[in-house]
Amino acid sequence: MEKMKVYTQEEALDMTIGEKGTPAREEYESMVQDYLIGAAIKEAREARHLTQEQLGKKIGVQKARICSIEKGVNLRLSTLRRIFIALGLEVKLDIAEMRPIPIC
């Protein structure tokens, strides 16, 4: 019987989306990061027992905008900053070879 080939996650991504550095892979990686940011915002909001509507009112946007942010769609730093402040989160931008820059 022939052995089944097992691939690492990295190999599977290389084969299905493209190797690191290719436009398709960069877009995929960006979408994953945006999704993870949105998921973290949702988790922080829920931990504070806020609805999407309540958070939206705190920062002056509609519930639908909070919903899209939590899905990782159309993230803007200015809006994220308002969300972080409304949720009482301390966020720092960590750029290699620089000290962390406080976002809020």
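**Entry 1: the whole chain**

I started with contacts, meaning heavy atoms within 4.5 Å. Residues 24 or more positions apart account for 34% of the chain's contacts with a separation of 6 or more.

A note to myself on ground rules: this is a predicted model, where local features need pLDDT of at least 70 and side-chain atom pairs count only at pLDDT 80 or more, while totals for chains, interfaces and linings use all residues. Residues are numbered from 1 along each chain as its sequence is written, and side-chain values use heavy atoms, with hydrogens and water left out.

Next I looked up the helices and strands, which are DSSP runs numbered from the N terminus (helices: H or I, at least four residues; strands: E, at least two). I found five helices and two strands, and along the sequence they follow the pattern α-α-α-α-α-β-β. The radius of gyration is 18 Å, well over the 13 Å that the globule rule gives for 104 residues, so the chain is more spread out than a compact globule. That radius is taken over C-alpha atoms, and the rule is 2.2 Å times the number of residues to the power 0.38. I also noted that the C-alpha trace spans about 60 × 35 × 25 Å along its principal axes.

**Entry 2: surface and charges**

How much of the chain is buried? I use buried for under 20% relative accessible area, exposed for over 50%, and partly exposed for in between (1.4 Å probe, protein chains only). Buried residues make up 23% of the 104 residues.

The chain exposes about 8,000 Å², and carbon and sulfur atoms supply 55% of that area. Accessible areas come from the Shrake-Rupley method with a 1.4 Å probe; for residues, only the protein chains shown count as cover.

Then I turned to charges. Lys and Arg count as positive and Asp and Glu as negative, while His and the chain ends are not counted. Each charge is placed at NZ of Lys, CZ of Arg, CG of Asp or CD of Glu. The mean positions of the 17 positive and 16 negative charges are 11 Å apart.

**Entry 3: the nonpolar core**

I reminded myself that, in soluble globular proteins, nonpolar side chains tend to be buried together. A nonpolar core here is a set of buried Ala, Val, Leu, Ile, Met, Phe, Trp, Tyr and Cys residues joined through side-chain atoms within 4.5 Å. The largest one has 13 residues, and I41, I66, I83 and L87 have the most contacts inside it. At least two residues of this core come from each of α2 (23-47), α3 (52-59), α4 and α5 (77-86). Which helix gives the most? It is α5, with three residues.

I clicked on I41 next. Not counting residues up to four places away in sequence, I41 touches I69, E70, L80, I83, F84 and L87.

E70 sits in helix α4 (residues 63-70). Is E70 buried or exposed? Its relative accessibility is 7%, so E70 counts as buried. Leaving aside neighbours within four places in sequence, E70 contacts G38, A39, I41, K42, R45 and Q52.

The buried residues of α4 are I66, S68, I69 and E70, and they pack against α2, α3 and α5. Just after α4, G72 takes a positive phi of about 85°.

I then checked T79, which is in helix α5. T79 is buried, with a relative accessible area of 7%. Beyond its neighbours within four places in sequence, T79 is in contact with I59, R65 and I69.

K58 belongs to helix α3, and at 53% relative accessibility K58 counts as exposed. With neighbours within four places in sequence set aside, K58 is in contact with L50 and A86. I compared K58 with E26: they are 32 residues apart in sequence and 34 Å apart in space, C-alpha to C-alpha.

Last came the backbone angles. Most residues other than glycine have a negative phi. H49 is not a glycine, yet has a positive phi of about 55°. I found H49 in the loop between α2 and α3, exposed at 72% relative accessibility.

N74 lies in the loop between α4 and α5, and its 59% relative accessibility makes N74 exposed.
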